[in-house]
Amino acid sequence: MSTLLAPIVNLGNWLWGLLAAAVVWVVGQEFAPAVMLTIETLLLIVCIVAPLMGAVAYLTLWERKLIGWMQIRIGPNRVTFFGIPWLGGLAQPVADGLKLLVKEIIVPTGSSKLLFILAPIMAITPALAAWAVVPFSPELILANIDAGLLYVMAITSMGVYGIIIAGWASNSKYAFLGAMRSAAQMVSYELAMGFALVCVLMAAQSLNLGDIVRMQEGGWGFLGWFWIPLFPIFLVYLISGVAETNRAPFDVAEGESEIVAGFHVEYSGMAFAIFFLAEYANMILISTMASIMFLGGWLSPVPAALAEAIGLPWLAAGNFGWLLVKLFLVVSSFLWFRATFPRYRYDQIMRLGWKVFLPLTIAYIVVLGAWMQTPLWIWWK
């Protein structure tokens, strides 16, 4: 593989050197390093956001296909590229995006127009900004900061403001009721997620997401990951993530008695599409965080000894591909939940968050702290 990629790497290095020379010629030797750092950061941001937006678009297609198979249906299979029959369905996300792009954004009379437009931006911005500290591999990360976990918790908690503002600015009682239900649910389950992350912090002894992954390596493969000692917390985090993204069976934003979609009922066109993108981007983010904190991130599930024994040592090597596989499995579970479980009542959702998850996570912090002081705790690097 490295032999095949060598020409591409050499071409990239040559183009980067040519760009550096051009920057030195334009701005001078003194300012060239700062300009090159800015260009490199912008390129990394594009390399993260562009594939993420593509993944969000095609996650909608995978959801429709997967649930279709579960319900013995075919799912989208008509829209294709250039009339190629065996690509039927693959162009569906493109068609949906173009349809929403050309639709008119109707701002309701009496609404707060500035906040009405600002709300979808506030919803999707945290979902994208959190990726700045996510480690895709040992060397591939945009900002390798020590407080990466704290940054993710802080930035993702801002998403609820977009929902509240959307419901209030729409000047609609139905949108406002949906926003209040969604906000109460998100705040409730965010507490459980926060305490779950405290358990990860205790186990890893670090807030750096890369260090959290490295604490899970030790030659044992998947047996060395944090999902074993933190299994109840892993389940709490996963279920809270479903509630945090307002996904079924926790989609109480959609009031069945009101026959409306919730806080974004007054939105149309690309304004509605941005809310849609924010929901799916948050699903991918939470799945990635679950993979990093509990499932070893980029680490291979195959123990090094086993890989050597079967003559495939490369299977034990950690890389971005393993993170991608784990992310795919976790995010597919979100879709599986939607096709399997009925929607809970609002009081049941609040009871689960406040009376079950919150006491459970607090109690597990105490248990974990005691466990870590005994010789039975073997998850030290």
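Ala, Val, Leu, Ile, Met, Phe, Trp, Tyr, Cys and Pro count here as nonpolar, Asp, Glu, Lys and Arg as charged, and the others, Gly among them, as polar. The model in these views is predicted.

**View 1. The largest pocket and its lining.** The largest pocket holds about 840 Å³ of space. It is lined by 39 residues, and the closest to its centre are Glu244, Thr245, Asn246, Glu279 and Asn282. By class, the lining has 22 nonpolar, eight polar and nine charged residues.

**View 2. Helices around the largest pocket.** At least two lining residues come from each of helix H4 (113-129), helix H5 (148-156), helix H6 (159-169), helix H7 (173-204), helix H9 (231-244) and helix H10 (269-294). H10 gives the largest share of the lining, 10 residues.

View 3. Phi of Asn246 is positive, near 60 degrees, in a residue other than glycine. Most residues other than glycine have a negative phi, and most peptide bonds are trans. The peptide bond from Ala248 to Pro249 is cis, with omega near 10 degrees. Asn246 has a relative accessible area of 11%, so it counts as buried, the cut-off being under 20%. Asn246 is also among the residues closest to the centre of the largest pocket.

**View 4. Ile72 in the loop between H2 and H3.** Ile72 lies between helix H2 (32-70) and helix H3 (92-102). Its phi is near 55 degrees, a positive value in a residue other than glycine. Is Ile72 buried or exposed? Its relative accessibility is 80%, so Ile72 counts as exposed, the cut-off being over 50%.

**View 5. The largest cavity.** The count comes to one cavity of 30 Å³ or more. About 40 Å³ of space lies in the largest cavity. Its lining is made up of Pro135, Ser137, Pro138, Ile141, Asn144, Asn208, Gly210, Arg214 and Trp298. By class, these residues divide into four nonpolar, four polar and one charged.

View 6. A disulfide is a covalent bond between the sulfur atoms of two cysteines. A search of the whole structure finds zero disulfides. Cys47 counts as exposed because its relative accessibility is 54%. Cys199 has a relative accessible area of 0% and is therefore buried.

Methods:
Residues numbered from 1 in each chain as written. Predicted model: local features only at pLDDT ≥ 70, side-chain atom pairs only at ≥ 80, totals over all residues. Heavy atoms only, no water. 1 Å grid on protein atoms, 1.4 Å probe; cavity = no way out; pocket = protein on both sides within 12 Å on 5 of 7 lines; lining within 4 Å. Points joined across faces, edges and corners; volume = space filled by probe spheres on them. Disulfide = S-S within 2.5 Å. Buried < 20%, exposed > 50% of the residue type's maximum accessible area, 1.4 Å probe, protein only. Helix = DSSP H or I, 4+ residues; strand = E, 2+ residues; numbered from the N terminus.
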